2 protein chains.
Amino acid sequence: MSRLDSMINRLVAQRSILDHAAALIAGVPGPVLELGLGNGRTFDHLREKLPDREIFVFERKITASPRSIPDSDHVILGEIRDTLPFCGPRVGAAAALIHADLSNGDPTDDLSRRSWLSPMVADRAAPGAVVVSGHALDLPGFDELPLPEGIRPGRYYLYRKQ
Amino acid sequence: MSRLDSMINRLVAQRSILDHAAALIAGVPGPVLELGLGNGRTFDHLREKLPDREIFVFERKITASPRSIPDSDHVILGEIRDTLPFCGPRVGAAAALIHADLSNGDPTDDLSRRSWLSPMVADRAAPGAVVVSGHALDLPGFDELPLPEGIRPGRYYLYRKQ
Ligand SMILES: C[S@@+](CC[C@H](N)C(=O)[O-])C[C@H]1O[C@@H](n2cnc3c(N)ncnc32)[C@H](O)[C@@H]1O
Ligand code: NI
Ligand code: NI
């Protein structure tokens, strides 16, 4: 498989899991938390699929194209490890969907992030909330859900708060 | 359509036109010229589809991941406007396939490149050679071919030397 093939597969899987998650939260009130803006493609997709939701983006450094940057009320700038536990006053209600696409591909870094991020995510999720992550999280009190058709296990992780 | 959707469509169209071009040149001898390495995804794809061809990459500044950089014999470093007319001693035979993915999306820049690049491409192409370009070229003595199914006109241009 060429890198062009892999990139297509990765983006198609990403779209398919986000669309699936958007459908799952239909009955769950609350905002969306996008952890990591990157180039803004998934933010733009979530904004299109969930036009009635507030979407808050957490990012250390904005590099996306201006077309895909939320207004300043909805950008929470800084290290997620610092900001996520203190976002309550701005974000308000617990989140219906949390999407974490933070991995740089290094397994040690993933393990470290898993340890500090998991309790923060659990804390900010509403009952019935869905969590989509590019690496595994430890979420007691959540169920791990099967991935949509065509996504290989380990590419994404999908959890739902009980 | 979200930017995630557009990116998927763009990459799928790119793969489909490159696969089509690779099939078209089955009977045409000669190397492949990749004008612009970028992140190396299309180079990697061409290398996989055309394992028996020499592929020469023309690039002003190498930024691709090391996995997708050709060996130094096959990288022609510098401004294409300067190097392409003088690549004969290194490249040898006229090319069977020339892929130009050089546009930065600015129409004035595209018009300028079209003017200097077209005669150089015409010069380096073998009889029966295929040219795939992200913007229009002026190639007298070439036929413009229909695009593969599903690619909207104007996204790519496909030419074949008579
Ligand atoms: C892979 S990109 C996100 C891509 C995005 N989901 C998309 O597809 O368009 C990851 C982003 O997360 C940010 N990031 C990673 N770790 C972070 C942290 N601990 N705090 C804040 N931002 C972080 C990086 O700066 C980068 O922009
Ligand atoms: Ni708002
Ligand atoms: Ni060689």
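How much area is buried between chain A and chain B, and what share of it do carbon and sulfur atoms give? The area is about 2000 Å², and carbon and sulfur atoms give 57% of it; buried area here is the accessible area (1.4 Å probe) that two parts lose on being put together, summed over both. This is a predicted model, in which local features need pLDDT of at least 70 and side-chain atom pairs count only at pLDDT 80 or more, while totals for chains, interfaces and linings use all residues. Residues are numbered from 1 along each chain as its sequence is written, chains are lettered from A and ligands numbered from 1 in the order in which they are written, and side-chain values use heavy atoms, with hydrogens and water left out.

**Interface between the chains**

- In chain A, 22 residues are in contact with 21 residues of chain B, where contact means heavy atoms within 4.5 Å.

**Nickel sites**

- A:E54 (OE) and A:H74 (NE2) coordinate the nickel ion (ligand 2) at 2.2 to 2.4 Å.
- These two residues link distant parts of the chain, 20 residues apart: A:E54 is in the loop between α2 and β2 of chain A, and A:H74 is in the loop between β2 and β3 (75-77) of chain A.
- A:E54 is partly exposed, with a relative accessible area of 42%, whereas A:H74 is buried at 14% relative accessibility.
- Buried means under 20% relative accessible area, exposed over 50%, and partly exposed in between (1.4 Å probe, protein chains only).
- The nickel ion (ligand 3) is coordinated by B:E54 (OE) and B:H74 (NE2), at 2.2 to 2.4 Å.
- B:E54 lies in the loop between α2 (41-49) and β2 (55-59) of chain B, and B:H74 in the loop between β2 and β3 (75-77) of chain B, 20 residues apart.
- B:E54 counts as partly exposed because its relative accessibility is 40%, and B:H74 counts as buried because its value is 14%.
- Donors are N, O and S atoms within 2.8 Å of the metal (3.2 Å for Na, K and Ca); water is not among the atoms, so sites may look incomplete.

**Strands of chain A**

- Helices (H or I, at least four residues) and strands (E, at least two) are DSSP runs, numbered from the N terminus.
- In a regular strand the side chains alternate between the two faces of the sheet.
- Strand β1 (residues 32-35) of chain A is covered on both faces, with A:V32 and A:E34 buried on one side and A:L33 and A:L35 buried on the other.
- β1(A) runs parallel to strand β2 (residues 55-59) of chain A, joined by four bridges, and A:L35 has A:F58 as its bridge partner in β2(A).
- Two strands pair if DSSP finds at least two bridges between them.
- β1(A) also runs parallel to strand β4 (residues 95-100) of chain A over four bridges, where A:I98 is the bridge partner of A:L33.
- A right-handed β-α-β unit is made by β1(A), helix α2 (residues 41-49) of chain A and β2(A).
- Right-handed means that, with the strands pointing away from the viewer, the path from the first strand over the helix to the second runs clockwise.
- Strand β7 (residues 157-161) of chain A pairs in the antiparallel sense with strand β5 (residues 125-133) of chain A over four bridges.
- Strand β6 (residues 142-144) of chain A pairs with β7(A) in the antiparallel sense over three bridges, including one between A:D143 and A:R160.

**Strand β5 of chain B**

- Eight of the nine residues of strand β5 (residues 125-133) of chain B are buried, so the strand is largely enclosed by the rest of the structure.
- Five bridges join β5(B) to strand β4 (residues 95-100) of chain B in parallel.
- From β4(B) the chain crosses through helix α5 (residues 107-124) of chain B to β5(B), a right-handed β-α-β crossover.
- β5(B) pairs in the antiparallel sense with strand β7 (residues 157-161) of chain B over four bridges, and B:V132 has B:L158 as its bridge partner.

**Nonpolar core**

- The largest nonpolar core has 104 residues, and those with the most contacts inside it are A:L35, A:F58, A:L84, B:L35, B:F58 and B:L84.
- Such a core is a set of buried Ala, Val, Leu, Ile, Met, Phe, Trp, Tyr and Cys residues joined through side-chain atoms within 4.5 Å.
- Beyond its neighbours within four places in sequence, B:L84 is in contact with B:L33, B:L35, B:F58, B:L117, B:M120, B:V121 and B:R124.
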